[in-house]
Amino acid sequence: MRRLFTTAALALVWILLPAAAAQALAVPQQTSPADGATITNWRNINFTWNLVTGAPKYGIEIQAFNLSNSTWADVKLFHGIDAQASRYTYGNFTTSDYGRWRVRSEGASNNTSWSGWRLFQFDPGISTVKQPAKVTEVSKAVALGALAQVQARVVCPAGTIVVGGGWRSGSNDSVFTSSSVQILDAWMVTFQNLTNGTRNVTAYAECLQGASGYSFDILTHSNPPPGQVGAPQATCNKGVLSGGGFITTSTDNLPFSVSPFSPTGWYVDTLNTSGSATGSVFAEAVCLVGSGATVTLALGTMHTLSGFSSINVATACASTKVALGGGWSAIHDGAAATSFRRSGNGWRAGVEDLGFNPIGNNASVYALCAKFN
C-alpha cells in the first residue's frame, strides 16, 4: 500500500523565500506537471513552463521527499536552459515516490525569484531499477499526391527528448525533402512530390529516454549562386550534437552531404542546380544539453557511386554507446539521399548518384555515438 504524508508534514519542511525586489524579467508560469499531479511515466518527466518576454535563460530546481526523516533534498538544480526550450526532461528520478519543482528566469545580470513549488507523486511507486538511456524511433507515413507538398510532423512521446529525425522518400528524383526539428518534442519533414503519381513517404523522429536534459537547434545559412555549392555549418555552443537537419527554399538546391563534422558541429553541402536563381539553404544542428553525455563519431566504409547507382548502408555504434543520430557525406556534388534514419544502434542512409559528375562519387555514413555518465 502506498504511504501518504500529511499537509502538516509538508509544512515542517517548506521553505519560504523573502519577496524578491522588482525584476525586469517575469517569473515563468509553470505548465506541467500541475500542482498535485500524478506521474505514471516516472522514468522520464517533462517539466514545462511558458516563455517569458525578454528571452532570458531559465533555471530549474527539482527535489525529492524523504519519508524516513520528512525532509526535501535536491535531485537536480540546473541553470542556463536556453530561452526557446522552455522545458527540461529529468530521467530516473530517485526511489522516492514524492517530488516538487520550481523554475525561475535568469538574466545576464540578475535572476527573478523562484516560482512557487509544485508537488507531484508517482503511481505506481518508483522501482529501484535504473533505466539505461536509449533512443526509440517514432514514424508517420504519408501518401503524397501528384505534385503535392506535405509537412509531416512526428511527435516524440511524453517524457522523452527529441534528438534528431529523418525520412524515407523512395526516390530522390520524384520526392524532394527538407528535414528539421520542431521546438519541444517533434520533428518535421517537408515532402515535395515532383511527379504526377502518388508516392508513399515516411517521416521519423528520434526520441531519447532514460536521460536528463533538453535539446535546442542552431541554424546557419548559405546563399549559393546558380551552379555553385553552398556549405553552411552549425555548431552547438554548449552540450553535444545529437543530430541535425536541413532546410532549403527551393527544389533547385540538392543536398549531397548532411552530416556531423565534429561532436558539436553539423554541416550541409548543397548544389544550386538553377540556371538563374540564387538559392538559400540552412544547416540545423540539434544540441543535447544537461544529459551528461559525451559524443564520438563513427564513420562507415567509403562506397563508390557512379552511373546512377545507389547504396543503402548503415554505420553502427559500439555496444557500450547509444546511437543518437547520424548523417551521410559525399565527396562530390551530384549525390542525394532517399532515406535517412536510425538503424539498430546506428544510422542508415540511402544515397543515389544523379549523374551530374562525370568522375562519379564516393559516399559514407556517420553515426553519432553517446556515452552517458
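Which residue in strand 14 does Trp167 stand opposite? Trp167 stands opposite Ala203. This report sets that pairing among the other features of the model.

## Model and confidence

This is a predicted model: local features need pLDDT of at least 70, side-chain atom pairs count only at pLDDT 80 or more, and totals for chains, interfaces and linings use all residues. Residues are numbered from 1 along each chain as its sequence is written, and side-chain values use heavy atoms, with hydrogens and water left out.

The mean pLDDT of the protein is 88. That score is the predictor's confidence in each residue, from 0 to 100. A value of 70 or more is reached by 92% of the residues. Residues 1-23 fall below 50. Beyond near neighbours in sequence, this stretch still has 32 contacts in the model, a contact being heavy atoms within 4.5 Å. Where pLDDT is low, the predicted coordinates should not be read in detail.

Strands here are DSSP runs of E with at least two residues, numbered from the N terminus. Two strands pair if DSSP finds at least two bridges between them. Strand 14 covers residues 199-209. Strand 11 (residues 161-168) is joined to strand 14 by 7 bridges, and the two run antiparallel. Strand 9 (residues 134-144) also pairs with strand 14 in the antiparallel sense, over 11 bridges.

Strand 14 is mostly covered: 9 of its 11 residues are buried. Buried means under 20% relative accessible area, exposed over 50%, and partly exposed in between (1.4 Å probe, protein chains only).

Strand 1 is joined to strand 3 (residues 44-49) by 2 bridges. Ser32 has Thr48 in strand 3 as its bridge partner.

Another open sheet has 5 strands in the order 2-8-7-4-5, with mixed pairing. Strand 2 (37-39) and strand 5 (71-81) stand at the edges with a single partner strand each, so one side of each has no neighbour in the sheet. Strand 4 (residues 57-66) runs antiparallel to strand 5, with 8 bridges between them. Ile60 stands opposite Phe78 in strand 5.

## Aromatic pairs

The whole structure holds 16 aromatic pairs. Rings of Phe, Tyr and Trp (its six-membered ring) pair if their centres lie within 6.5 Å; planes under 30 degrees apart count as stacked, over 60 as edge-to-face and the rest as tilted. Phe93 and Phe120 are edge-to-face, 5.6 Å centre to centre with 70 degrees between the planes. This pair links distant parts of the chain, 27 residues apart: Phe93 sits in the loop between strand 6 and strand 7, Phe120 in strand 8. Phe93 is buried at 2% relative accessibility, and Phe120 is buried at 3%.

Phe340 and Trp347 have ring centres 5.1 Å apart and planes at 80 degrees, so this pair is edge-to-face. Phe340 is buried at 1%, and Trp347 is buried at 1%. Elsewhere, Phe47, Tyr90, Phe93, Trp101, Phe120 and Phe122 form one aromatic cluster.

## Thr315

Thr315 is found in strand 24 (residues 310-316). Thr315 is buried, with a relative accessible area of 9%. A polar atom of its side chain lies 3.3 Å from the backbone nitrogen of Gly300. The backbone oxygen of Val365 lies 2.8 Å from a polar atom of the Thr315 side chain. Leaving aside neighbours within four places in sequence, Thr315 contacts several residues, including Ala298, Trp347 and Tyr366.

## Backbone details

The peptide bond from Ser32 to Pro33 is cis, with omega near 0 degrees. Pro33 lies in the loop between strand 1 and strand 2. Asp123 and Pro124 are also joined by a cis peptide bond, with omega about 5 degrees.

Ser70 has a positive phi, near 55 degrees, and is partly exposed at 27%. Ser86 has a positive phi near 50 degrees, but is buried at 8%.

Conventions
Helix = DSSP H or I, 4+ residues; strand = E, 2+ residues; numbered from the N terminus. Polar contact = N/O pair within 3.5 Å; in protein donor to acceptor, adjacent residues only side chain to side chain.
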